[in-house]
Amino acid sequence: MIRFDNVGLRYGSGPEILRDVTFHVHPGSFHFLTGPSGAGKTSLLRLLFMSLRPSRGLIFVFGENLADLPPAGRAALRRRIGIVFQDFRLLDHLTTWENVALPLRVMGQTESDYADDVTDLLHWVGLGNRIHAYPETLSGGEKQRAAIARAVIGRPELLLADEPTGNVDPAIGNRLLRLFVELNRLGTSVIIATHDYALMDQLEAPRLMLHEGQLQVGAPQMGAR
Amino acid sequence: MSFLSDIKDYPWTSLLAGILPARIAARLPERFQAPSSQIVPPASVAGRALTVVIAIMTFLACLTAGGVYMVHQSASAWVDDIASEITIELNPLNTTDVEKKMTLVALFLAKQPGVTRVKPMSADDSAKLLEPWLGSTAALSALPVPRLIAVEIDRSNPPDMKVIENALNQNFEGVTLDDHRRWQSEIKTITRSTALGGIVVLGLVAAATIAVIISATRSAMATNRGIIEVLHFVGANDRFISSEFERHFLGLGVRAGLVGALAAAVTFLLLPFLLHLLGGGAVTEAETRRLLGTGELDIWGYLLLVVIVVVVAALCTITSRLGVFRVLKSYA
Ligand SMILES: Nc1ncnc2c1ncn2[C@@H]1O[C@H](COP(=O)(O)OP(=O)(O)OP(=O)(O)O)[C@@H](O)[C@H]1O
Ligand SMILES: [Mg+2]
């Protein structure tokens with residue numbers, strides 16, 4: 001499903017953020033991506049959804065080599081991926097509901113077909129009373145939940161979440177984690193970047209650990225620290 | 001033809017909401033509202049300045065096209081008029097009884113094949129024709145003013161001018177025939193050069209409009225760069241993104257186009273009065289009338305203005321679409 005072959009990344013002429021990163025992720029799997037702040041978690045996710053190109057190496061997603069994907073293929077691939085940004089990236093002039101519905105609208109679906117799904121999902125993530133609010137008026141945690149709802153509304157085959165529980169209390173964090181697990185059970189591969197050990201301890205899932213540019217795949221562990 | 005499919009997909013009932021200013025559009029019945037908020041905020045695309053510029057462009061295009069059309073209409077009516085007539089001029093010098101000679105010539109002409117009507121003009125008529133140039137003066141009657149006979153010819157079976165001219169010259173002295181051909185060709189030259197000038201002006205206006213729209217597209221995309229990025233991340237293709245921008249440019253084109261065309265229509269409605277006000281002396285007024293007819297645009301002329309609005313809207317839409325595609329390509 002995802003394969004990295006000797007991937008290296010540097011910004012401009014700066015130091016290599018990622019060095020010889022090689023790993024693969026099977027369909028339907030659940031991974032944590034972890035490492036200290038500044039280790040390159042966000043950068044790795046950006047490589048995956050094609051907002052960055054690697055300086056070296058090859059990346060395959062859904063069997064496609066990202067290096068020779070035309071723009072049309074890129075759009076088609078992104079529709080199969082749901083992304084939660086660390087900084088949310090909600091559109092300020094759209095309501096919460098409209099932000100969450102955006103991926104479906106972009107796919108050309110009719111509003112009346114998905115209206116109920118969007119509303120249901122917003123209730124599920126606890127934003128039922130903020131449906132018509134604009135992002136400016138949402139708290140950090142509320143924005144985060146809206147961003148997660150937007151990422152999962154299209155039932156993606158791959159979900160990438162960058163610190164999806166960074167701004168919420170443990171109770172809501174667990175609820176969101178359950179959403180990801182539920183999605184994973186339905187067939188979505190999930191990669192969650194986080195340095196929240198408490199969160200990772202909730203679930204027995206392999207950890208991709210970034211340290212000084214190198215990536216190691218840790219065995220699934222639970223409750224260990 | 002993706003443009004055609006876009007036209008088909010366009011939410012026509014919500015077009016009104018796209019055309020009207022946001023504040024008024026919000027009051028429309030729900031059926032006419034756009035389905036969901038615009039992904040690209042309208043204000044970030046078509047500000048007031050841009051609307052004014054496009055309205056002015058449309059206004060100029062309408063004035064030009066309407067003016068050329070008017071000249072063409074009145075000129076062809078005029079050419080028609082004078083092509084079905086010839087004028088015989090009688091030199092009063094060396095003639096003792098002008099009236100008698102007039103009658104003789106008129107009778108002679110009436111017998112010629114291809115002539116449908118002969119109308120001798122009185123001395124008063126001649127004087128009236130000269131009035132705009134010489135003023136109405138009693139002294140005119142004392143002058144040897146040439147006398148005219150208007151001859152209407154059958155255009156489906158026109159007479160041979162040469163034969164008539166020769167016959168006239170043989171039978172009478174001091175009679176000349178004017179078949180108006182020189183006038184016809186002169187009028188045609190005027191019409192043609194007006195049309196040519198009009199086309200040049202229209203071309204320049206179109207070029208300026210395209211340039212303005214291109215730069216507006218660029219700046220709209222720069223302003224909304226963050227939105228474009230998010231759209232890309234959620235899987236929007238170029239066609240979706242361009243349609244989000246395009247709809248604003250279509251709205252801009254229709255809105256500004258209507259304002260410009262309406263202003264031009266009002267100008268054309270007032271033109272007869274303006275001509276009268278600015279006309280000054282009788283000569284200039286007569287000349288202007290010659291050129292522009294009554295100064296009134298007929299129904300087809302007004303339809304032409306509608307066509308221009310459509311063209312302006314299409315120009316805005318297509319230009320912005322191509323512009324968006326180009327910029328998106330440069331992002332990749
Ligand atoms: N656009 C950029 N230009 C230059 N350097 C960058 C850019 N983005 C990130 N970096 C650098 O790359 C490194 C990795 O950044 P990244 O955001 O991937 O870390 P992270 O693991 O996500 O950190 P955090 O846990 O704090 O979110 C950092 O040292 C950062 O300074
Ligand atoms: Mg990060």
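The model described here is a predicted one, and in it the side chain of A:Arg3 meets that of A:Asp5 in a salt bridge, with 2.9 Å from N to O. A:Asp5, at 25% relative accessibility, is likewise placed in the partly exposed class.

## A salt bridge between the chains

Which residue of chain B forms a salt bridge with A:Arg89? The partner is B:Glu229, and the closest N and O atoms of the two residues are 2.9 Å apart. A:Arg89 lies in the loop of chain A between strand S6 (81-84) and helix H3 (96-106), whereas B:Glu229 belongs to helix H9 (residues 225-233) of chain B, and therefore the pair joins two chains.

The relative accessible area of A:Arg89 is 26%, which makes this residue partly exposed, and B:Glu229, with a relative accessibility of 29%, also counts as partly exposed.

## A salt bridge along a helix of chain B

In chain B, the side chains of B:Glu186 and B:Arg182 form a salt bridge, with a distance of 3.4 Å from N to O. Both residues sit in helix H8 (residues 181-223) of chain B, and because they are four residues apart there, about one helical turn separates them. B:Arg182 counts as exposed, its relative accessibility being 54%, while B:Glu186, at 35%, counts as partly exposed.

Salt bridges can also share partners, and in this way A:Glu16, A:Asp20 and A:Arg56 are joined into one network. Over all chains, the structure holds 15 salt bridges.

## Helix H3 of chain A

How many of the eleven residues of H3(A) are buried? The helix is mostly covered, with eleven of its eleven residues buried. Among them are A:Trp97, A:Val100, A:Leu102 and A:Leu104, and the buried residues also include A:Glu98, A:Asn99 and A:Arg105. H3(A) is followed by A:Gly108, a residue whose phi is positive, near 85°.

## The domains of chain B

Chain B is divided into two parts, of which domain 1 takes in 38-78 + 185-331 and domain 2 takes in 92-173. When the centres of these two domains of chain B are taken over C-alpha atoms, 50 Å separate them.

Technical notes: Residues numbered from 1 in each chain as written. Chains lettered and ligands numbered in written order. Predicted model: local features only at pLDDT ≥ 70, side-chain atom pairs only at ≥ 80, totals over all residues. Heavy atoms only, no water. Domains from an automatic or database assignment. Salt bridge = Lys/Arg side-chain N within 4 Å of Asp/Glu carboxyl O. Buried < 20%, exposed > 50% of the residue type's maximum accessible area, 1.4 Å probe, protein only.
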